[in-house]
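Let's take a walk through this chain, one piece at a time. Keep the 3D view open as you read.

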Amino acid sequence: MKQAEMKSYPAPFRPFVCTRPFFRHPASKKRLTATAVFTLVLAVMLAAVLIGSQAVYAVYYNGVPIGSVGSMKEVKSVVTDAQVQLRELLGHDYALDDAISVAAAFGSETDGAENIKSAILENVDGVAELYVLEVDGVAVGASDDPAAFDTVLDEMLSAYTNERTTSARFLQTITVRSRFIGEDFARESDEVRTLLDPENTASSVRLTVETTERTVYTEAVPYSTSYYTDAELYEGTTRVVTGGIAGEQCVEVDTLCVNGVPKSSQIAGITVTVEPVTEVKAVGSAPRPVTASTGAYIWPAEGVVTSGFGPRTGFGSSNHQGIDIGSFYGEDIVAADGGEVVYADWCGGYGLLVKVQHDDGDVTYYGHCCEVLVTPGERVAQGQVIAHMGETGVASGVHLHFEIRVDGTPVDPATLLP
């Protein structure tokens, strides 16, 4: 620490007094001598110096000069301020009356109240000018090396950061500044670190670390659908002309964390990396004929389901590809939905068989009929009688074998019937 600059102050100036008159008696006609002229000029010059000077007050601490001020009022103010600060630093009253002395002097420059007070504090035992770390104005530790505090604070921030961290800060106001403080307030770095530790709930000066972490991920961008009217399609039906393709976008999300615990998140940015392809659909406008498919099935006959879909044992196929509906001989069999008859004839184990292809490409089978009432190429309406129930082909008892095939593959009719 720099000691207050030592200054010496001269004894009060005493003006030169001439004991002989500068002029001879007016009656004398003799001219002034050269010595008298010189004496007159010197007196005038000294008077001018005295008039241009002003009084200041030299302040001494235990007899050692520590500076000067312009008035006694300023001296008293400096001493009072120093005693107040010493009480705060040392924890007890500290009287300076015996140590401070003042002497008047001539001069035009003063050292200022703060410099005088600093010089006083520098000379008091138990007080030192150190680098003090403060949290929200509260002193936590003092050291002659400010870098020690920087290391502690950097390590504390690092404990809550990772490769995704974009910012990190303390919520408290932290300052490290040089000031006077009690020498017993100096603390080792480990002690300061313990007091500031965010996890130290017992400390009143523990820090709070706020960090922002950025997470980047990709997600699908849904495609949109555009429609246009097609007079060749029935009302209420649509057809995909161009299939839609989802795009892809990069999403950046910032998560705010306090002492490592996530508190809130917000989207920081979205960048579309692959543009989606719009789906194009044709919407039918042509009046729907009664033979058009509705897209929903009804039961093709009244009766009781005597055999379900899938594997079975006993008479007939071991892998049943439809369901059997048992009833009386000659009962009506109706089209489960509108469509075109694509087969109406004998077909091996099916016996008399009718196949109806619907507008969505599905095909329904009606087997073991005793009579067929439709022909291939004919369009039929939903609920229209197309055959009568019998037991032709490989059959045990009167029943209707009913199948629904989607893309050529049999599916359980029970999952599609009301």
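Helices (H or I, at least four residues) and strands (E, at least two) are DSSP runs, numbered from the N terminus. What you're looking at is a predicted model, in which local features need pLDDT of at least 70 and side-chain atom pairs count only at pLDDT 80 or more, while totals for chains, interfaces and linings use all residues. Residues are numbered from 1 along each chain as its sequence is written, and side-chain values use heavy atoms, with hydrogens and water left out.

First, the overall view. The secondary structure comes to five helices and 25 strands. Of the 418 residues, 33% count as buried; buried means under 20% relative accessible area, with exposed over 50% and partly exposed in between (1.4 Å probe, protein chains only). Among contacts between residues at least 6 apart in sequence, 68% join residues at least 24 apart, where contact means heavy atoms within 4.5 Å.

Now find the open sheet of three strands, ordered S2-S1-S3 with antiparallel pairing. Its edge strands are S2 (64-69) and S3 (100-106), and each of them pairs on one side only. From one strand to the next, the twist averages 30 degrees. Zoom in on S1 (residues 55-61) and you'll see that five bridges link S1 to S2 in the antiparallel sense. The bridge partner of Tyr 60 in S2 is Pro 65.

Helix H3 (residues 113-122) lies across S1, S2 and S3, running at about 160 degrees to S2. For angles like this one, axes are lines fitted to C-alpha atoms, for helices over the stretch in contact, and angles run from 0 to 180 degrees between N-to-C directions.

H3 also meets helix H2 (residues 72-90): their axes come within 9 Å and cross at roughly 45 degrees. H2 and H3 are therefore oblique to each other. As for the cut-offs, angles under 35 degrees count as roughly parallel, over 145 as roughly antiparallel, 65 to 115 as roughly perpendicular and the rest as oblique. The crossing of H2 and H3 is right-handed; that is the name when the near helix is turned clockwise from the far one by less than a right angle, and anticlockwise makes a crossing left-handed. H2 brings Glu 74, Val 78, Asp 81, Ala 82, Gln 85 and Leu 86 to the contact, and H3 brings Ala 113, Ile 116, Lys 117, Ile 120 and Leu 121.

Next, look at H4 (residues 146-158) and H5 (residues 189-196), which pack at an angle of about 40 degrees with their axes 10 Å apart. That makes H4 oblique to H5. Here too the crossing is right-handed. Residues of H4 including Phe 149, Val 152 and Met 156 meet residues of H5, among them Val 192 and Leu 196.

Last stop: which way do the residues of strand S17 (residues 323-326) point? Ile 323 and Ile 325 point one way, Asp 324 and Gly 326 the other, and all are buried. S17 pairs with S14 (residues 304-307) in the antiparallel sense over three bridges, and Ser 307 stands opposite Asp 324. S17 also runs antiparallel to S24 (residues 399-406), joined by four bridges. In S24, His 399 is the bridge partner of Gly 326.

Terms used. Two strands pair if DSSP finds at least two bridges between them.
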